Amino acid sequence: MATKSSRVTIDHEEIRQWADARCGRPSMVTGTGKGDETGILRIDFPGYSGRGTLEPISWDEFFDTFEKHKLALVYSAHAHGHRSNFNKLIARETVDLETGEKLGPSRHHRKLAEQARATAKKATAEKTTARKATPRRATRKSPVASGEHRAPRSEAARTTKGQGSQRGGTRQNPERRGTSRGGGRSRGR
């Protein structure tokens with residue numbers, strides 16, 4: 001998470017000194033706190049877009065919520081040769097506090113992945129249920145395999161054997177078998 005120009009910290013004094021050096025004040029996003037709880041934390045800097053969307057809070061409230069939610073601050077001291085106000089509050093479990101290296105996905109991305117897995121699992125279960133609920137077409141077993149005996153063929157069926165199918169088509173003449181229809185070479189002539 002941290003780059004060459006940024007650092008990660010959970011040290012309250014370091015965070016406070018960094019913010020004070022830039023006239024930053026602890027705040028929360030308006031309307032995100034429920035009851036007495038502090039909402040989404042931010043550090044507000046004068047002259048930036050926080051006016052109207054951020055409510056000022058005390059450093060004690062800020063750090064109580066910071067610890068409750070196990071947050072860490074990624075910040076940049078300088079960018080492009082100038083003092084930087086860049087900062088981001090992240091979950092501690094997503095970054096190695098010693099090296100600043102990213103360890104894993106954020107809580108948000110883990111939650112999205114869990115929801116996707118649950119949706120896929122539910123879809124698979126629904127398909128399985130649908131398959132079980134759909135009656136399968138019975139397959140006919142051969143009379144010999146099932147132990148049945150066939151009824152004797154009717155006289156009409158016995159007399160048409162070899163003369164053509166019952167659907168009106170004609171069987172191929174055994175003497176013509178193997179000849180091509182296109183007039184090419186023929187076998188057996």
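R7 is partly exposed at 46% relative accessibility, where buried means under 20% relative accessible area, exposed over 50% and partly exposed in between (1.4 Å probe, protein chains only). The model is predicted: local features need pLDDT of at least 70, side-chain atom pairs count only at pLDDT 80 or more, and totals for chains, interfaces and linings use all residues. Residues are numbered from 1 along each chain as its sequence is written, and side-chain values use heavy atoms, with hydrogens and water left out.

The structure contains 4 salt bridges, each defined as a side-chain nitrogen of Lys or Arg within 4 Å of a carboxyl oxygen of Asp or Glu. One of them joins R7 to E14, with the closest N and O atoms 2.7 Å apart. Another links R25 and D20 at 3.0 Å, N to O; R25 is partly exposed at 47%, and D20 is partly exposed at 36%. In a further salt bridge, E67 and R92 have their closest N and O atoms 2.8 Å apart. E67 lies in helix 2 and R92 in the loop between strand 8 (87-91) and helix 3 (107-133), so the pair ties together parts 25 residues apart in sequence. Helices (H or I, at least four residues) and strands (E, at least two) are DSSP runs, numbered from the N terminus. E67 is partly exposed at 33%, whereas R92 is buried at 18%.

An open sheet of 3 strands has the order 3-2-4 with antiparallel pairing; strands pair if DSSP finds at least two bridges between them. Strand 2 (residues 25-29) pairs with strand 4 over 3 bridges, and V29 stands opposite L54 in strand 4.
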